[in-house]
Amino acid sequence: MTEPAAKAPQPAPKEQVISLYQGAKRIHPKQAKGRFANLRIWAILATQFVFYVIPWFNLHGRQAVWFDIPGRRFHIFAFTLVPNDLIYLTGLLLLSAFGLFWWTTIAGRLWCGYACPQTVYTEIMLWIDRLVEGDRNKRLKLDKSPWNFSKIRIKLTKYLLIFAVCAWTGITFAGWFSPIRPLVAHIFTLNWAAVSGAALIAAALYGTFTWLFAHIMREQVCKYMCPYARFQSAMFDRDTLIISYDPARGEPRGARKKNISREETELGDCINCTMCVQVCPVGIDIRDGLQYECIGCAACIDACDEIMDKMNYPRGLIRYTTEGALEKDYPEKQIPRRMLRPRVLGYGSVLAAVAVGLVIGLLMRQEVHIDIVKDRGVMVRQNQDGWLENAYNLRITNASEQPQILTASVSGLEDIKITGLPEGGLRINGSDSITVPVQVAVIPDYAEKGSNPIVFTFRYAAEGKPDAEAATINTKSTFIGE
């Protein structure tokens, strides 16, 4: 019996370096053209009009929208909110939160695709890329080409335009918190001493982060940093409107000549041109199904519809639809009716209640806010008339733009009076805050030992208006007897 031949020695495996981190590749999306691309342009113009132009409007001799943090005033057109109006800020935050939940449940990430600042500024940077470097193919070719004078000139021109946009964006952001007209004048005349350090820091930080997020990181912010991309699935269901590829119609994919009809081939409508991938700003393939990276911008819909038109196929291979309609649970014509479901109605009811409450609160808010603070440094005492006297400080804030005339009275005990306010009423200038010391006196026989409940009644009206139009504020306090 012969022995088996010995096996030839195997070569030692080559060493391999396995990296747990893969650097992000620069995505150069192709420009999409179509109805949704036009809608995005209008959305960008509308949002940037609000951001860049609104601060330049003036009203009542001051900036129309001005968040004056040092002065503790938020001027929003005809309204001026003061620290006492914090409840309205809470209402606005609730309105924004439930509005986002409600809209996401209905239509997915349309906010991300059309109005999110990250998407908007990334699109602006892409406009600059296309303006200076050309279309997608030219940008890819330029990135691969060696550095020479032409490439340096093109890149330098692009970076200068990006710097100008980011710098102006930072200055505009600071202009929401510091009057923008003098701010811009001082910056462009290099009068740095007249510009507050906080405004310069805010402008520099916002401009830097605009450059970092919108130009450098771009889709990485949406994919890895944005929390909305992570928790959106909790608000999605089978009836949420999403962008989807129709595999039943598109598969199997394959290239074919333009003049071949669908009936002459066994392939689906997808010709595997990858245009939907080339136009995607986050670099995903929508044909792989719903992905958290998708921002709902609909660029893939425009690109696919253009190809379907060239192939003489019906549009809608990639479209806005729902998971239920795509899986034939119900026809697509029922999508509007399916949107009226308990989750949508619940979010909508809360949203409507918060909105109505916020509007009613703003319409009924007092223009003058008064806080009564007992002067703890002054104990109960007898005045020169022999009456018991307590000292109080009135912290008065005029949230209106007009001077207000304030009068005060006090009740709750017999023979009680208030002193310390001028005859004819106290004048508070528009958007002013003052602290006024006052005294309340009572005949000793009418004040029991310890705390006695009393009520301050304030009446105020704009200067020059009749007393009949005065508003009334009743505030409870206590009087300390001995």
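Me: Which helices and strands each supply at least two residues of the lining of the largest pocket?
Reply: In this predicted model, the largest pocket has a volume of about 520 Å³. Its lining has 14 residues, and the closest to the centre include Phe 67 and Ile 76. The elements that each supply at least two lining residues are β4 (73-76), β5 (79-81), α2 (86-107) and α16 (342-364).

Me: Which element gives the most to the lining of the largest pocket?
Reply: Helix α2 spans residues 86-107 and is among the elements with at least two lining residues. With five residues in the lining, the element that gives the most is α2.

Me: How many nonpolar, polar and charged residues does the lining of the largest pocket have?
Reply: Leu 89, Leu 92 and Ser 96 are among the residues closest to the pocket centre. Sorted by class, the lining has no charged residues, one polar residue and 13 nonpolar residues.

Me: Is Trp 66 buried or exposed?
Reply: Trp 66 belongs to strand β3, which covers residues 65-68. Beyond its neighbours up to four places away in sequence, Trp 66 touches several residues, including Arg 73, Phe 74, Trp 176 and Pro 179. A residue counts as buried under 20% relative accessible area. Trp 66 has 16% relative accessibility, so the residue is buried.

How values were computed: Residues numbered from 1 in each chain as written. Predicted model: local features only at pLDDT ≥ 70, side-chain atom pairs only at ≥ 80, totals over all residues. Heavy atoms only, no water. 1 Å grid on protein atoms, 1.4 Å probe; cavity = no way out; pocket = protein on both sides within 12 Å on 5 of 7 lines; lining within 4 Å. Points joined across faces, edges and corners; volume = space filled by probe spheres on them. Helix = DSSP H or I, 4+ residues; strand = E, 2+ residues; numbered from the N terminus. Nonpolar A, V, L, I, M, F, W, Y, C, P; charged D, E, K, R; others polar. Buried < 20%, exposed > 50% of the residue type's maximum accessible area, 1.4 Å probe, protein only. Contact = heavy atoms within 4.5 Å.
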